[in-house]
Amino acid sequence: MSLLDLSPTHCPGPRLSRRGALLGFGAAFALGGSRLAFAQASGDARLVVVLLRGGLDGLGAVQPYGDPAFAGLRGPLALPEPGRQGGTLDLGGRFGLHPSLAQVHALYRGNQALVVHAVAGPYRSRSHFDAQDMLESGATERLDSGWLNRALVAVQGGPRGQAGLAVGLDVPLLMKGPAEVRNFAPAAPSALSPDLMARVEGLLARDPAFGPAVRRGQEERRFASAALGDDAPQGMGGRRGGGFGPLAAAAGRLMATAGGPRIAALETAGFDTHVSQGIKLAASLTMLDNGLAGLREGMGEAVWARTVVLVITEFGRTARINGTQGTDHGTAGVALLLGGAVAGGKVRTDWPGLGQGRLFEDRDLAPTTDLRGIAKAVLRDHLRLPPQAVDAAFPGSAGIAPATGLIRA
Amino acid sequence: MDPRASIAAIRFGLGRRPDDPVPGDPVAWLDRQVTLPSPQRQLPGLAAPLSQAQAAALYQQRAMATRGENGPARREIRAATDGDALGWVAHCLLSDAPFQDRLTNFWANHFTVSRRVPNAGMFVGPLIREVIRPNLFNRYEDLLLAAARQPGLIVYLSNGRSSGPNSQAAMRPGNNTRRGLNENLAREILELHTVSPAAGYTQEDVTSFARILTGWRIDRGDEAAAFRFSNRQHEPGEKVLLGRRFPEGEQGAVEALRFLARHPATHRHIATKLARHFVADDPPREAVARIEAVFRDTGGDLAAVSRALIRLPQAWAPPLSKVRDPLDYVLAVGRGLGFGPDQAEWLVQAMEDCGQPLWKAPQPNGWPDVATEWAQPEALLHRIQWAHAVSGRVAQRRDPRGFAAATLGPLASPEMLREAARAGSAQDAYTLVLVSPEYLRR
């Protein structure tokens, strides 16, 4: 059954077994639940990748109410249809957006948001940590660099190109790699004198990890304080009012600055909804919705018009509600593309159906679109990367063609 | 000072306090700590450590408290857990058996229960004191079993309401809330606490193990919550996990956990984590193989494993290769400056400012243990700013070089000592000691 078949895509490559290697130690972490990394790209196009850690429930965020099996699988997690009280927000029939994503819905109505449904990476791991590693590596194994960093190498014209920037106390694997990525986080103003800071830098220069870190950190602070002025967020984490919202807004402003970063990675957690999903998912989606709105506001209309925001997660969740009013780790889910450069206003899916025999391993939404084809399309059509660079970002994906029609011509 | 004495204190301990005696035989000093830890004391000015029963009573109160994250009951419960965390930090500051405390923090990270799930947060301190420390030098399977029965993991990994699809609870007439499986705890025990994905288990194994663990919950009794096996929620029948059969009932889960703890893939997994912690981010193969062999040959005897760690030649080779994570760094600075319990609150805040809020790991796999995750530009600048603030508090002492010698011994580099001597103020000099590579590493 195909509800909406705007562009026929087909099943991803051969099914892969769970990876045997020992992984998970190096899995990325987030501070205060949120983190942001930037880099510099040539040209005018802006790209923000938002990682949702924990496994966003795609069937909860974008509900296929037109599928006759949906309500039966989901029980109380299936919200009323669009137009009813507490119902989902209409996406043109058959799919409804979770009501906590009202600002995303407004973008959708303005043709600036696109939903890709039944999408998954090429891996079939239901481990958060393996799946996050592979999602960020852009490969079927954990690599030492992320696909967005490898794309940056091409944008910058090589590892020695103009340096980029990272916001948050850490850089996610997605942004690690040969292209230089600098790092910014909200901080109290430093009380160290320039002379003392120079001595500290000299002392750390011989350390292979701390030497480059202290030098790059200072460069970034100079840039960010010039760009953000007195409005810079002063702290990280919940207690100090940091977190995803302020980081996203700061990211937007930095990206709108002349000479500012063109590529950013933002992340946030809170999507691992095993228990009482109704309340928890609504809260996490509200935070996402507000953060995305803040990002847009920080950028301003002119920059937003040249922007693509790609929202991805490590996996979807089980099609059936579990025994504790939540959902467990699954396979396919949704990706969102937002921004003035997106050819939005549609749900793009080769819908696999939720009925008898349609679920992947009789439990998950079956993947019919390879996430790599979506990301490759953004790199090719939005950042205008040549085919070799797109392939280098996603090694071993030669058989996966970039999707068409995602980006405004 | 023998560099080995410094390495023992820094790599195997939590950093030297200036008044710590210098052990003549560092290996023997560590060996003597391989013994049942003493109970965590109540320190002056701090609350008594929470017992598991007290934590369970808090859990019970929280469950009954009215909704809303900031109700008075919830604030009090959070304050009680904050106090418990302060007590643990103060203990670590003063400890004269810091190898035990390093191992305790290692296992607390291995069996992560995070305060980010508020219903589970009050159990972290009791997990440390009543599960990890008494089993620090027992067999791994005893530690695993005790951890898996502790309310913290059961709540954090949401097993409490998991019910077998054919259990009495699920079959009860009028069951319209569809009680059934929740596979979270089962998956994370397989992946994180025992065999790891290297064992090649399947989704079927995960589901089957979740069935084995049904009924493994905590009981909300009249006063306190405690582990209880609920036959009503338990999935009837025999189950198969990794090709082995396990019987119905509570005993099935006990046997399955023991089987997993004894699995060769678990030996390899834990040996790798330990070698990463004590030797290098990318641990040498021989070091992993050595620990793995001791694990295997002693039936997972953690005392033997600990003695073997102490005897890994690779762990004693300078220079210090591991990056101190914020927990380690802040504790090492606090110990080095001789801080007491009255500074604990400030130190807990520092851990958060430097990117590692205590007992609040973002995900069940805990905090990372590799330099690439900690030596990032902004995280380092936050540390430097904090080190400068600390230095302002102690600048009246006016002997930064003596401080460097007392805490780092021969590991203090000539460059750092020279810079500290040339600094324009005592605060600047202390700052330079505290942000030197040798203080940032372990």
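## Salt bridges between the chains

Seven is the count to start from: the interface of chain B and chain A holds 7 salt bridges. The model is a predicted one. One salt bridge joins Arg221(A) to Glu378(B). Its closest N and O atoms lie 2.9 Å apart.

## The chain B side

## Extent of the interface

Interface size is often quoted as the accessible area lost when the parts come together. For chain B and chain A, the buried area is about 5900 Å². Carbon and sulfur atoms give 56% of that area.

Polar contacts are also present. Between chain B and chain A, 18 residue pairs are in polar contact, with both residues at pLDDT 80 or more.

## Cysteines

A disulfide covalently bonds the sulfur atoms of two cysteines. Over all chains, the structure holds 0 disulfides.

Are Cys92(B) and Cys354(B) buried or exposed? Cys92(B) has 1% relative accessibility. The cut-off for buried is under 20%, so Cys92(B) counts as buried. Cys354(B) also counts as buried, because its relative accessibility is 1%.

Definitions and conventions
Residues are numbered from 1 along each chain as its sequence is written. Chains are lettered from A and ligands numbered from 1 in the order in which they are written. This is a predicted model: local features need pLDDT of at least 70, side-chain atom pairs count only at pLDDT 80 or more; totals for chains, interfaces and linings use all residues. Side-chain values use heavy atoms; hydrogens and water are left out. Buried area is the accessible area (1.4 Å probe) that two parts lose on being put together, summed over both. A salt bridge is a side-chain nitrogen of Lys or Arg within 4 Å of a carboxyl oxygen of Asp or Glu. A polar contact is a pair of N or O atoms within 3.5 Å; within protein, one must be able to donate a hydrogen and the other to accept it, and residues adjacent in sequence count only if both atoms are side-chain atoms. A disulfide is a pair of cysteine sulfur atoms within 2.5 Å. Buried means under 20% relative accessible area, exposed over 50%, partly exposed in between (1.4 Å probe, protein chains only).
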